[in-house]
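These are my notebook entries on one protein model, written down in the order in which I looked things up.

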Amino acid sequence: MSDDKIILTGIRPTGSLHIGHFCGALQNNVFIQNTYDYKYMYGMIADAQALTDNFDNPDKVRNNVIEVALDMLAVGYDPEKTILFIQSEIPELTELTFYYMNLVTVARLQRNPTVKSEIEQKEKFSTGLPVGFLNYPISQAADITAFKATIVPGGDDQAPMIEQTNEIVHKFNSIYADVLKPVKIITPDSNHAARLPGIDGNAKMGKSLNNCIYLKDSADTIASRVQSMFTDPNHLRIQDPGNTKDNPVFIYLSVFAKPEHFAAFMPEYKDYSELAAHYERGGLGDVKVKKFLNNVLQETLRPIREKRELLARDSASIMEILRIGTNKARAAAAETLSEVKKAMKLDYFN
Ligand code: ATP
Ligand code: MG
């Protein structure tokens, strides 16, 4: 990796972060933060984007900014390495969005598969779709290009946003001037990590879907959530062959269970594939597997929860981290905006 890389990651403050974010985004971002050679790395808390489908709940967005910041810091985001900032404090992003809106058709936005499925899932849009929500892929393009990001790590629901961003980049550069940088997505290696299902078996664990295990959950909550998990509905008796493919208990194990977890809690199996093979041929009960998953998740989440509790005692210093990061980010976005406006011949008084 060369040192001209600029990396942008983003999280919406719509709720505390969960194990889907952890394996689909956070863990990967912290790894990148600590190992890549880059010029800048940014971590955006996307409150303005969160308002596009939570405009009627300003308290939720406001309160979750600190929650999400705590989650990020607890999993290892380091403000010395990653510039953490609040999106709405950077008006340049809104301004860029406004200009990019001319470069995208309504039909193109309606075709975006992530946006499409989000619209279908949101009850509140059944009576009408706000322009702001349909527009959010453009605002995301503004976020990415404002910092000249060349890499955006994310789950597979982010791929259509990156594609949309690159279309805007190419169109802008060919009409006006070569100002914007194309961007690449990096998704986690495992398909399951790129989209972790919910405890209810829904294809995606999502903050808005009430099917999550949160990073801040207590040990008891984790245990009861694991116990209530959806498994294979056809695996009625222990001796029946079981399905591991659409079974969130096994999917979580494939993502989270490490060799040391097998050694400590399930020594009769060498690894995930031995365990899964036994379940598939029959003779392994759900209770035993869930007990193992509970142990794995407790081990994984305990240190994160403890660090989070410590950080939460001093919320003023968390806000200070965000304030400093926001100032740095704003300066970078302002520079890009002035190049953009100049390219668009909107520079009257210079
Ligand atoms: P919302 O419902 O408010 O959109 P969300 O749970 O989708 O919340 P985001 O803040 O939109 O969370 O997503 C942040 C990052 O986490 C994105 O990169 C996204 O791909 C990733 N992510 C979210 N949910 C999952 C999941 N279930 N599995 C893997 N990655 C996920
Ligand atoms: Mg989302």
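This is a predicted model: local features need pLDDT of at least 70, side-chain atom pairs count only at pLDDT 80 or more; totals for chains, interfaces and linings use all residues.

I looked up Glu268 and found it partly exposed, with a relative accessible area of 46%, where buried means under 20% relative accessible area, exposed over 50%, and partly exposed in between (1.4 Å probe, protein chains only). Glu268 forms a salt bridge with Lys288, and the closest N and O atoms are 3.1 Å apart; a salt bridge here is a side-chain nitrogen of Lys or Arg within 4 Å of a carboxyl oxygen of Asp or Glu. Lys288 is also partly exposed, at 37%. I noted that the pair links distant parts of the chain, 20 residues apart, with Glu268 in the loop between H13 and H14 and Lys288 in helix H15 (residues 286-312). Helices (H or I, at least four residues) and strands (E, at least two) are DSSP runs, numbered from the N terminus.

Residues are numbered from 1 along each chain as its sequence is written, chains are lettered from A and ligands numbered from 1 in the order in which they are written, and side-chain values use heavy atoms, with hydrogens and water left out.

I found Asp271 in the loop between helix H13 (259-265) and helix H14 (272-281), and I counted it as partly exposed because its relative accessibility is 27%. Its side chain makes a polar contact with the side chain of Ser273 at 3.2 Å, and the side chain of Asp271 also reaches the backbone nitrogen of Glu274 at 3.1 Å. A polar contact is a pair of N or O atoms within 3.5 Å; within protein, one must be able to donate a hydrogen and the other to accept it, and residues adjacent in sequence count only if both atoms are side-chain atoms.

A search of the whole structure finds 19 salt bridges. In one of them the side chains of Asp53 and Arg12 meet at 3.0 Å, N to O. Asp53 lies in the loop between helix H2 (47-51) and H3, and Arg12 in the loop between strand E1 (6-11) and H1, so this pair ties together parts that are 41 residues apart in sequence. Asp53 is buried at 4% relative accessibility, and Arg12 is buried at 18%.

What are the two domains into which the protein is divided? They are domain 1 (6-195 + 315-343) and domain 2 (217-309), with bounds that come from an automatic or database domain assignment. Their centres, taken over C-alpha atoms, are separated by 33 Å. I read that 14 residues of domain 1 are in contact with 11 residues of domain 2, contact meaning heavy atoms within 4.5 Å. Domain 1 and domain 2 bury about 1,000 Å² between them, 69% of it on carbon and sulfur atoms; buried area is the accessible area (1.4 Å probe) that two parts lose on being put together, summed over both. Ile19, Ala74 and His192 supply 51% of the area that domain 1 buries against domain 2, more than any other three residues.

The rule finds 2 salt bridges across the interface of domain 1 and domain 2. I also looked up Glu67, which forms a salt bridge with Arg308, the closest N and O atoms being 2.8 Å apart.
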